[in-house]
Amino acid sequence: MRVLVTRPAGQAGEWVEGLRAAGLDAVALPLIGIGPPEDLAAVHDAWTRLPGQAMAMFVSPNAADHFFAARPPGASWPAGVLAASPGPGTTATLRRLGVPAGSIAEPAADSPQFDSEALWAVIGPSRSWADTDVLIVRGESGRDWLAGQLAGQGARVGHVAAYRRAAPVLEDPEKQVLAAALADPGGHLWFFSSSEAIDHLEALAPGADWRAARAVATHPRIAERARRLGVGEVTEARPAMPAVVGCIQSLA
């Protein structure tokens with residue numbers, strides 16, 4: 001059974017390596033394209049305002065990577081500013097980019113999910129957010145749930161688009177992987193970590209019959225989107241490598 005890792009190219013490789021290390025046949029089939037933002041000046045401006053923020057929340061590893069790609073020469077993470085992460089992938093990226101571990105807030109390691117809700121359970125009670133400035137670093141669009149929670153506590157919430165998501169452009173090897181998965185659904189397992197990836201898959205294979213397909217999804221919202229596509233068997237797993245490996249092995 002071949003596992004199709006649909007994360008953006010920047011993160012797919014790490015998951016493919018981890019799954020292969022566990023003895024699974026895995027291959028990258030990125031279903032989200034990632035590029036620089038249309039308004040790079042806004043990212044530069046966000047860096048100048050960063051020392052005055054109580055917190056900057058990064059929605060994903062891509063948000064962190066692209067925000068730091070626009071870092072002014074010689075700039076470092078400002079003391080006293082919290083860097084918030086929804087999960088271990090973003091946390092690892094922030095640490096690689098030089099954010100001190102003591103400046104990072106993230107969900108508990110045993111959280112059932114790694115998302116804004118799990119992050120808020122940690123940072124919400126940690127301080128008073130009234131009359132503070134908070135920056136959310138994301139793509140050109142995204143969920144506003146966390147921003148709503150912060151604003152409800154009296155925070156002034158700003159957003160900056162550090163990257164741009166787009167439909168993937170498949171090269172010939174990736175087209176062959178997709179064709180093989182459509183021709184032999186029983187021999188493949190889709191690994192979904194984004195509802196948007198499923199949107200793009202539906203556009204890439206219009207009219208496909210997904211009833212014999214199987215998928216592992218890392219969040220209930222993603223699982224529901226896969227079911228709406230028509231995937232016959234959808235299993236949920238925590239978005240951590242050991243949990244995903246165990247889930248896939250049980251299906252195999």
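Colleague: Leaving aside its neighbours within four places in sequence, which residues is Phe192 in contact with?
Modeller: This is a predicted model, to be clear. In it, with those neighbours set aside, Phe192 touches Thr6, Leu31, Ile198, Leu201, Ala215, Val216, Ala217, Thr218, Ile222 and Ala226.

Colleague: And what about the largest nonpolar core, how many residues are in it?
Modeller: That core has 25 residues. Phe192 is among those with the most contacts inside it, along with Leu29, Leu31, Trp190, Leu201, Trp210 and Val231.

Colleague: Which elements give two or more residues to it?
Modeller: Helix H7 (172-183), strand S10 (188-192), helix H8 (195-204), strand S11 (214-217) and helix H9 (220-229). The one giving the most is H9, with four residues.

Colleague: What does the second core include?
Modeller: The second one is separate and has 23 residues, including Ala46, Phe67, Leu94 and Val99.

Colleague: Switching topic: how much space lies in the largest pocket?
Modeller: About 1400 Å³. Its lining is made of 48 residues, and Arg7, Val59, Ser60, Phe114 and Ser193 lie nearest the centre.

Colleague: Which helix gives the most to that lining?
Modeller: H4 does, with six residues. Other elements that give two or more include helix H1 (9-21), helix H3 (61-69) and strand S7 (133-138).

Colleague: How does the lining split by class?
Modeller: There are 20 nonpolar, 18 polar and 10 charged residues.

Terms used. Residues numbered from 1 in each chain as written. Predicted model: local features only at pLDDT ≥ 70, side-chain atom pairs only at ≥ 80, totals over all residues. Heavy atoms only, no water. Core = buried A, V, L, I, M, F, W, Y, C linked by side-chain atoms within 4.5 Å. Buried < 20%, exposed > 50% of the residue type's maximum accessible area, 1.4 Å probe, protein only. Contact = heavy atoms within 4.5 Å. 1 Å grid on protein atoms, 1.4 Å probe; cavity = no way out; pocket = protein on both sides within 12 Å on 5 of 7 lines; lining within 4 Å. Points joined across faces, edges and corners; volume = space filled by probe spheres on them. Nonpolar A, V, L, I, M, F, W, Y, C, P; charged D, E, K, R; others polar.
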